[in-house]
Amino acid sequence: MSSATDHAEESNYLNAKPGLMSWLTTLDHKRIGVMYLISILTAFFIAGMLAMLVRTELLTPGRTIVDPDTYNQFFTLHGAIMVFMFIIPGIPAALGNFVLPLMLGAKDVAFPRLNLMSWYLWVFGGVFAVVSMVTGAVDTGWTFYTPYSTDTSTSVINMTLGVFILGFASIFTGINFVVTIHKLRPAGMTWWRMPLMLWGLYATAIIQVLATPVIGITMLLLIAERTLGVGIFDPALGGDPLLYQHFFWFYSHPAVYIMILPAMGVISELISVHSRKTIFGYQAIALSSVAIAAFSFIVWGHHMFTAMSPMANMVFSALTFSVSIPSAVKTFNWLATLYRGHIRLNTPMLYALSFLFLFGIGGLTGLFLGTLAVDVHLHDTYFVVAHFHYVMFGGTVIAFLGGLHHWWPKMFGRMYNEGLAKLACFLIFIGFNITFMSQFIMGSLGMPRRYYDYIDAYGSYHVWSSIGAYIMAVGFFLTAGYLIHSLIAGKKAVENPWGAATLEWRTASPPIEHNFHETPDANYPYDYSVNRFNPDTGNYDHIGAPAQEDDDRAVGFHGHGLESTT
Amino acid sequence: MSDHGDHPDYLGHHYDTPEQQFDSGKFGMWLFLATEILLFAGLFCAYAVYRSNHPEIFHYSEQFLDRKLGGINTVVLITSSFTMAMAVRAAQLGKNGATAMFLVLTILGGFGFMGIKKVEYEHKWKHGLLWGNKYQDQEHHDGHDGHGGEHGDEGAHDDGHSLNLGIPGVTMAHAADGAGGGSAGDHGEDASQAGAAAGDGGDHGAATHAAGEHSDAGGHSDMSASDKSAPIMVDGEEIPHTTHETGAAAPEGLAGADDKHADDGAPAYVHIFFGIYFLMTGLHGLHVIAGLIAIAWVLVRTLKGHFSAEYSTPVDLVGLYWHIVDLVWIYLFPLLYLIS
């Protein structure tokens, strides 16, 4: 295996073809993944800075730095950019694009050109969204509810057109992943031998394909409403603004699972690899991803409890609770995987443990909000804001960071500074909890979300919340610093630094242009007897699984010999 | 990756076999078609919501759509789907000449469809049968000649008249409808004219039935244009119901009765129907144009000899796309044109 590493130093996907144009026209899923990574991190930076501005404005009651209209624009852009340009494409398009074909032992995704087009659409849609910042930033909240969005003078059309285009970027990624997983799995990798990351991405892709067109048509209707005055959402013209909300949440609730399912896939990998123990309840975790994907389509009404009949509310409330079952199935299986594992408290694992803690809080507070009577008190307060940040940030972003640190050596062939990485993880974890725990409290005390001004009673919570946000910002800048530093001066990464058993670790770091010299045999992805630590190189050398072959033949395992002769 | 040696040109480097590539392409296309269906699903939902909340709007508005043109367009599109299927078959057999011919026929079908659509749109544009604030109340003059004229017009289509032969002298936007077929109808004789047209169209029974029904609506008809009260809406709704026995004849019959009695009580917010109509048919029209571009692309590739009995996947996939465009119209036509 070390010979493969030597070979890779001469040529890998990063240096195989030189020049900017070779990147902009690449069909290589790894390069597209990296381009997506840079793009979404740019969006994350912009949206994160907007969050800092929001938190700074809220440091004091009344005006702190900007006027109320600008404040509306800040939180709207923060939400819209975070959701549509960072969290939704984040794990699938950046990390997923990179690792999915590698995990399959494949050379690429099924439709490489579609993949590149997806990235260009993201850029194109992003340009529309960012242009809207200059031409009069949207101030409606990221949900673009009518009649705000039909009445405001800000450039709603730019933003919604951007969202429409970003939706197509997402659809194309989804189509690519579903087809790739169906058609490009190697011999020997049955559905039940697929890494759980792929199950997560698969369930995500299904939602991307089935839900995103609805936001597409919703955005088109909104544009038609604004440009033509069609009146579908305008009560003055006989339309129904609530219809907009139904349309919007029919996509945007499943979109929440587009955000969290790949994160759950990442966590499944991280927890198993870094406790070097086979995953507990593989099938339960895999199927719960699919179950969550299915449930995601029938719970959108819980965003509209104040706008529907009691009967509809009760149905949606019950369905909402049902989502907690597959989510809890996952959580308990992860905990059981940790039990008596050889837990390695490195950065990816710290992020995985943070995920369990934060997602646990995010998920459980969701039950408060799904309860009709309690929701009457809590809806549209900071409690809701804190809840979805615990899920979106505490879940998805934390998992994204964990995955980024886990696959960073594979992506760029360099190790980052572990000490600084742990420090950054700690800062982000602490900062996050300070920020949003105080929001839970002030929300339950009645502080409404999105308000510019507040009474003094909420003052200390807002101050703490802002302090937490600044701590997080420090953590992120630190992360950016040591990751960039690692690209320049990081220690060279070995092929398999973590001892993972999935196929992406069976090629050089960074991988060669066509991923593998020879298609690797698919073993059970959580069988850690297939590799052994080599203290000389720091690598986990692949030794195959001779002892396993007898057992595996029954489930279609193909040994070395069989594969190489075909 | 055992078959590097015989990797054909058309086979992507990441595929092992042409079958794998073909299966992937086809599967991907089906997923894409699913997204297309879901894109339209939003509009179908809007349609369902508004139709169940305001059935009277739909029953009233439908009379302004031209079933004959819609029907012809349906036939045109189904025929083009057939020629597309023939093109796919020819491509699979490696008969490039036949493939090209059938693709050309399909393109002609697509243009035919768009041409007829243009005629329909022009007609609506001219008469203010539009969305939102652009909608012009039809009832002002409806009662006198617009309605009769409209349906006289439809009847006259049997005689090969075309919709956009509007007679300019007519005062009202909508009245100009009538000009095409029942020009006489515009000038006071509309009752007999339209009635005759209805007779031509088919079933006299239906016509008289509708006439009887209509006198009821006529009772309200002398109210001012702004009167859009609920009972009238109900009338508007019921009229088509009673005449449902004969698809095409019913409106003519209705129109025949409509002669003097002015407006049949146009419900409020009729423009909602036209908003939905234009969104649905407009989005569908965009898909037809996209389909035409895709067919032109495979036509060029066919003529360049890119396809063979071994490889004709793009023709196959474009064919699937064209069929879904056709299928959407198959649903749009009855939902918009055949309400009563």
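**Loops, helices and the interface**

Tutor: Phe144(A) counts as buried because it has 22 C-beta neighbours inside 10 Å (buried means 20 or more other C-beta atoms within 10 Å of its own, exposed 12 or fewer, partly exposed in between, with C-beta atoms placed from the backbone). One caveat: this is a predicted model, where local features need pLDDT of at least 70 and side-chain atom pairs count only at pLDDT 80 or more, while totals for chains, interfaces and linings use all residues. Residues are numbered from 1 along each chain as its sequence is written, and chains are lettered from A and ligands numbered from 1 in the order in which they are written.

Student: OK, and what's the phi of Phe144(A)?

Tutor: Phi of Phe144(A) is positive, about 50°, although the residue is not a glycine. Phe144(A) sits in the loop between helix 5 and helix 6 of chain A (helices are DSSP runs of H or I with at least four residues, strands are runs of E with at least two, both numbered from the N terminus).

Student: Where is Pro147(A), then?

Tutor: Pro147(A) is in the loop between helix 5 (112-134) and helix 6 (148-151) of chain A.

Student: What kind of peptide bond joins Ser509(A) and Pro510(A)?

Tutor: A cis one, with omega about -10°. Pro510(A) belongs to the loop between strand 2 (491-492) and strand 3 (531-534) of chain A. Asn515(A) is placed in the loop between strand 2 and strand 3 too, and its phi is near 75°, positive in a residue other than glycine.

Student: Is Asn515(A) buried or exposed?

Tutor: Buried, because it has 25 C-beta neighbours inside 10 Å.

Student: And how does strand 3 of chain A run against strand 4?

Tutor: Antiparallel, with 4 bridges joining strand 3 to strand 4 (residues 539-542) of chain A (strands pair if DSSP finds at least two bridges between them). Asn534(A) stands opposite Asn539(A) of strand 4. The hairpin has 4 residues between the strands, and Gly538(A) takes a positive phi near 80° there.

Student: Switching to helices. At what angle do helix 12 and helix 14 of chain A pack?

Tutor: Helix 12 (residues 347-370) and helix 14 (residues 382-412) of chain A pack at about 160°, with their axes 8 Å apart (axes are lines fitted to C-alpha atoms, for helices over the stretch in contact, and angles run from 0 to 180 degrees between N-to-C directions). So helix 12 of chain A is roughly antiparallel to helix 14 of chain A (under 35 degrees is roughly parallel, over 145 roughly antiparallel, 65 to 115 roughly perpendicular, the rest oblique).

Student: Which residue classes make that contact of helix 12 with helix 14 of chain A?

Tutor: 14 nonpolar, 12 polar and no charged residues (Ala, Val, Leu, Ile, Met, Phe, Trp, Tyr, Cys and Pro count as nonpolar, Asp, Glu, Lys and Arg as charged, and the others, Gly among them, as polar).

Student: What about helix 11 and helix 12 of chain A, how far apart are the axes?

Tutor: 10 Å, with helix 11 (residues 310-338) and helix 12 of chain A at an angle of about 160°. Helix 11 and helix 12 of chain A are therefore roughly antiparallel to each other. By class, their contact has 4 nonpolar, 8 polar and no charged residues.

Student: Last one: how many residues of each chain are in the contact of chain B and chain A?

Tutor: 29 from chain B and 32 from chain A (residues are in contact if their C-beta atoms, placed from the backbone, lie within 7 Å). On the side of chain B that touches chain A, helix 1 of chain B gives the largest share, 16 residues.

Notes: Two residues are in contact if their C-beta atoms, placed from the backbone, lie within 7 Å.
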